Amino acid sequence: MMRVTNSMMVKRTKSNINANRAKVDYTNNQMSTQKKITKPSDDPIIAIRSLRLRSTLSTITQYYHNNISDAESWMDCTGTALKNMKDLLDDAYSRVVHGTTDELQPEDRETILKALQSLQQQVYCEGNADYARRSIFTGFKTNESLTFMSNKDAKEEEYDITERFDYQDIDKKNYYPEAFDDTSDGAVATNGKHPDVFNEVELNRIRLAYDKISADGNSLSISYKDGDQTVKTVFNSDGSIDVGVKDGKISASLDANGNLVQPPNITHPKGFHIDEQNPVITPAGATTGTLTYTYNVYTEEDWNGMQQTPPIPAAPVQTAKVVVTNAGKVSDAGDPADAYLSASIGTGTSAQTISYRVSNTADLKAADYKLGDNEIVFDQESGELLFNDSVADALDATKASITFDYHKKGFEEGELRPEYYFDCTRYMKDRDNIVYENFDENGNWKTQAIYYNIAGGQQMQINTEGREVFNSDIRRDMDDLIDIVNAAISAQKTVDDIKIKIESGNYKDEELESLNKWYDAAKKQLDYANQNMHDTYSSYISRFQGYLDTVNLEITDLGGRGERVDMTKSRMSVQESTFKELKSINEDMDLSELVINYTAASVSYQAALQAAAKIGKMTLLDFL
């Protein structure tokens, strides 16, 4: 049996007191923190599980309280703007329907005009809506507005713009070159010449996004498929024509005297070689004629092999014929201003010789809008490409794609900024020009969708791009409608002014007879203007219905995304509650259990102290 000494009892008593005191301290800390552990070594399993639960809960909190809330606010602002846009288009639609009424009074036309002018100024305002100073319809460029915000700044803006169309974008429009509104005595009282107000010209057109465009520096590109090959012809405003050959081109032009330049300028395609054959101009040396250029395209490897001795036979990868015609006329003075080139578009029976020239509204009116059967005319003032049915048929037969490059300086307040819709270059005064490439090499739009992570592995597009809702056609259509109602108002005023002159009694004999003839012509002009207003407004009903359908579709799409956000938010709320509960179970102590444990530890500690006091008084003799 081991001998127990007084020293041993004192040591053991101290050890027991310290152990009970440590337990009291441990339970006291638990009472203060209400946590099961205060450091990982207390319980590594609880510590590891706590780290995982806290990390997951932190992520859920970020999604639920920040990302989802921000997404909801952004989408709420978008929804409000879209609903306001819908209201504006509803109003515009009702005005268009009203404009089809047969018995419109002068005051009715004035009401329609003022309403359309007001709507035109407001129609894109909703596109500048922002959330927390971030523009919501401008894709990634959230620091810029969708439209030009002031006339002063807009007038200074300068862009090179590329617009893309296809044969399905062609529509028709009626033009009236001989409308009149001069009712002065010199014009109507003694003038025996009376206008032919029935001179209506129907043309096909492709309308650009803007008007008042530079006459220089523009080019019209027409592309179509010929078998497996893409044929691309580019008509330049300087009168030259580029015919695409894979990645190269053949450029034909006129010299200073309006003669065809021979040979044409050739840019070799990358990785290929054009077998340069002698071009033929017929008739030789004529100021007008046709350049026929047959070419073969070989790969560089095959071409190099063909140049060896002996040559290695190779078949061309492309064989075609370029036909460029001097379609214009050169004046006796040798002025080539009216000379221009044309090129063949299409193959077989669908082939059509097409030329291109630049004009303006005043010159087109003076020429009664008479266009050649094979020409496309660019009206720089109205921003329209105009042509007859023969050209439209050729573009339709080849299912052509049309690209128009142009330079524009000066915009108006409220017009859409080009960088959100087109490939373009913005000219800057104090820094390098900014190039915007919004389409890929296949002509597909590069989306600028902004995504938020609203849950683990779940993203949501929160923005709606302006081009999906707001396009230039709305404003341009309103321009057409305003011009037409203005023409009707002007025609009515002309009738009223001449009628006042007739009824004044101040005109006799020949003057009165002349006034009556002009009055008859003015009434016919008014009838024509009213009919044109009725027909155009009737045809535009479907257009504005289409704009409304687009906005409604985007509202529906936004609502669908909003519902998904709401469902995710509900799920995140449940997950947050669940993980908070799991975290609490893993880390937190039950208060009643803490009180019991602390009381037990405290009693043990007090008992140890009392026992130690008694043991301290005893000696070895007391034990013996």
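User: Why are α9 and α10 called roughly antiparallel to each other?

Analyst: This is a predicted model, and the term rests on an angle computed from it. The axes of α9 (472-503) and α10 (residues 509-587) cross at roughly 160°. Angles over 145 degrees count as roughly antiparallel, so α9 and α10 get that name. Their axes come within 8 Å, and α9 passes α10 in a left-handed crossing. The contact of α9 with α10 holds 23 nonpolar, seven polar and seven charged residues.

User: What makes α2 roughly antiparallel to α10?

Analyst: Helix α2 covers residues 44-99, and its axis crosses that of α10 at roughly 165°. The limit is again 145 degrees, and the angle of α2 to α10 is therefore in the roughly antiparallel class. The two axes come within 7 Å. The crossing of α2 and α10 is left-handed. In the contact of α2 with α10 there are 29 nonpolar, 15 polar and 15 charged residues.

User: Which residues of α3 meet α10?

Analyst: From α3 come Arg109, Ile112 and Leu116, and from α10 come Leu526, Asn530, Met533 and Tyr537. By class, this contact has five nonpolar residues, one polar and one charged.

User: How do you know that α10 gives the largest share of the lining of the largest pocket?

Analyst: Helix α10 supplies ten residues to that lining, the largest share. The pocket holds about 1,400 Å³ of space. Its lining has 45 residues, and those closest to the centre are Lys173, Asn174, Tyr176, Asp483 and Ile484. Elements that give two or more residues are β4 (171-175), β5 (201-207), α7 (361-366), α9 and α10. The classes in this lining are 13 nonpolar, ten polar and 22 charged.

User: What is the volume of space in the largest cavity, and which residues line it?

Analyst: About 50 Å³ of space lies in the largest cavity. A search of the whole structure finds three cavities of 30 Å³ or more. Lining the largest cavity are Phe137, Thr138, Gly139, Lys141, Glu419, Tyr420, Trp445, Gln448, Glu465, Gly466 and Arg467.

User: How do you know that the lining of the largest cavity divides into three nonpolar, four polar and four charged residues?

Analyst: Phe, Tyr and Trp count as nonpolar, Lys, Glu and Arg as charged, and Gly among the polar. Sorted in this way, the lining has three nonpolar, four polar and four charged residues.

User: What makes the peptide bond from Thr309 to Pro310 stand out, and where is Pro310?

Analyst: The bond from Thr309 to Pro310 is cis, with omega near -5°. Pro310 has its place in the loop between α6 (300-306) and β14 (318-326).

User: What is the phi of Ala132, and where does Ala132 lie?

Analyst: Ala132 has a positive phi of about 50°, although it is not a glycine. The loop that holds Ala132 is between β1 (130-131) and β2 (134-135).

Definitions and conventions. Residues are numbered from 1 along each chain as its sequence is written. This is a predicted model: local features need pLDDT of at least 70, side-chain atom pairs count only at pLDDT 80 or more; totals for chains, interfaces and linings use all residues. Side-chain values use heavy atoms; hydrogens and water are left out. On a 1 Å grid over the protein atoms alone, a cavity is a set of points where a 1.4 Å probe fits but cannot get out, and a pocket is an open set with protein on both sides within 12 Å along at least five of seven lines; lining residues have an atom within 4 Å of a point. Grid points are joined across faces, edges and corners, and a volume is the space filled by probe spheres set on the points. Axes are lines fitted to C-alpha atoms, for helices over the stretch in contact, and angles run from 0 to 180 degrees between N-to-C directions. Helices (H or I, at least four residues) and strands (E, at least two) are DSSP runs, numbered from the N terminus. Contact means heavy atoms within 4.5 Å. Angles under 35 degrees count as roughly parallel, over 145 as roughly antiparallel, 65 to 115 as roughly perpendicular and the rest as oblique. A crossing is left-handed if the near helix is turned anticlockwise from the far one by less than a right angle, and right-handed if clockwise.
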